[in-house]
Amino acid sequence: MRNLVWGYGSAVLETARDRGLLEQVGTELTGFAAALERAPDLLRVLTDPGVPVHTRRAVVEDLLLPRVSGETVRLVSYATAAERATDLPSVVDELAHRVETETGQAEAPTEPAAGRSAIRERLHGYATAVFEEVEDEGEAPLEECEDELFRLARVIEGSDELGSVVTDPEVPVATRLAIVDDLLAGRVQPLTQRLVRYAVRTGRGRDLVPTLDWLVDRAAAERNLKVADVRAAVDLDEDQRSRLAEALSRVAGRSVEVRVTPDPSLIAGMVAVVGDLLVDGSVSHRLEQLKIDLSKPDTMTGHTGERR
């Protein structure tokens, strides 16, 4: 099973557990796996790489929608789109087995260990599923989620005491989750809390802040936006942020949303990062550049940094 589908499944099964449907989803997945074995024509269509993905997905949804829970339809439909066609039967079996092992547990089990790229894939799948669940509410929850994730990342980044605990892989996951829950309770929407909890459960502790920033970008991408991470010597008002977003959008070639963190160490000016693009207009950068220039052999004297 691809990590993308694993992460998506984590979110959907979480929803099923909250709705008391986990056991039912397991039964339905097992039933669908058995149906594939009994219907060779259906199996041939769903495992044929020559049949377009949207067609295979439509077949799955037409077949399942009237008969099973929405969570089961989502799992099989997403697996149909994300996995190789020939792997679908084995992936459905894996999903059914996973549900069987999780049924009866009050909370989602600990996620298996994985490398950084695998974790990002799981987070991508997980975020896809939770964003689907709020899509009927428009863009407002996503915009709020971006802001909440960004602010949490800055709070952790700015607090040595908090950061040393929630990013320490030696601290048990349950302890880190309890701290995060206490920190976020009543302050963020459930969507944000789910994403943060999954980042803690599945991620590498020391990567928590970069992971939260990655989730900010992921939420923005859901709204077809890129995020500009801006550090400014002084905070910007709404008009300044708007004009900066317009300027960075022209440079990036795509609509940009500005997230500003005040940083007095810059002295004046700002530093903006949009994806791979870095724009450094800070005075501190100019001073550093001046120091480098002064340390070079003087073209007039032939000495380093000293004039006659």
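Isoleucine 267 counts as exposed in this predicted model, because its relative accessibility of 54% lies above the cut-off, which is over 50%. The residue is placed in the loop that links β2 (256-262) to β3 (270-274). Most residues other than glycine have a negative phi.

With regard to the overall fold, the protein contains 14 helices and four strands. The radius of gyration is 24 Å, whereas the globule rule gives 19 Å for 308 residues; the protein is therefore more spread out than a compact globule. Along the principal axes, the C-alpha atoms fill a box of roughly 90 × 45 × 40 Å.

Contacts between residues at least 6 apart in sequence were also examined. Of these contacts, 70% join residues that are at least 24 apart. Buried residues account for 44% of the 308 residues in the protein.

The surface and the charges were considered next. The accessible surface of the protein amounts to about 16,200 Å², and carbon and sulfur atoms contribute 52% of this area. The protein carries 37 positive and 55 negative charges. The mean position of the positive charges and that of the negative charges are 4 Å apart.

Technical notes. Residues are numbered from 1 along each chain as its sequence is written. This is a predicted model: local features need pLDDT of at least 70, side-chain atom pairs count only at pLDDT 80 or more; totals for chains, interfaces and linings use all residues. Side-chain values use heavy atoms; hydrogens and water are left out. Helices (H or I, at least four residues) and strands (E, at least two) are DSSP runs, numbered from the N terminus. The radius of gyration is taken over C-alpha atoms; the globule rule is 2.2 Å times the number of residues to the power 0.38. Buried means under 20% relative accessible area, exposed over 50%, partly exposed in between (1.4 Å probe, protein chains only). Contact means heavy atoms within 4.5 Å. Accessible areas come from the Shrake-Rupley method with a 1.4 Å probe; for residues, only the protein chains shown count as cover. Lys and Arg count as positive and Asp and Glu as negative; His and the chain ends are not counted. The place of a charge is taken as NZ of Lys, CZ of Arg, CG of Asp or CD of Glu.
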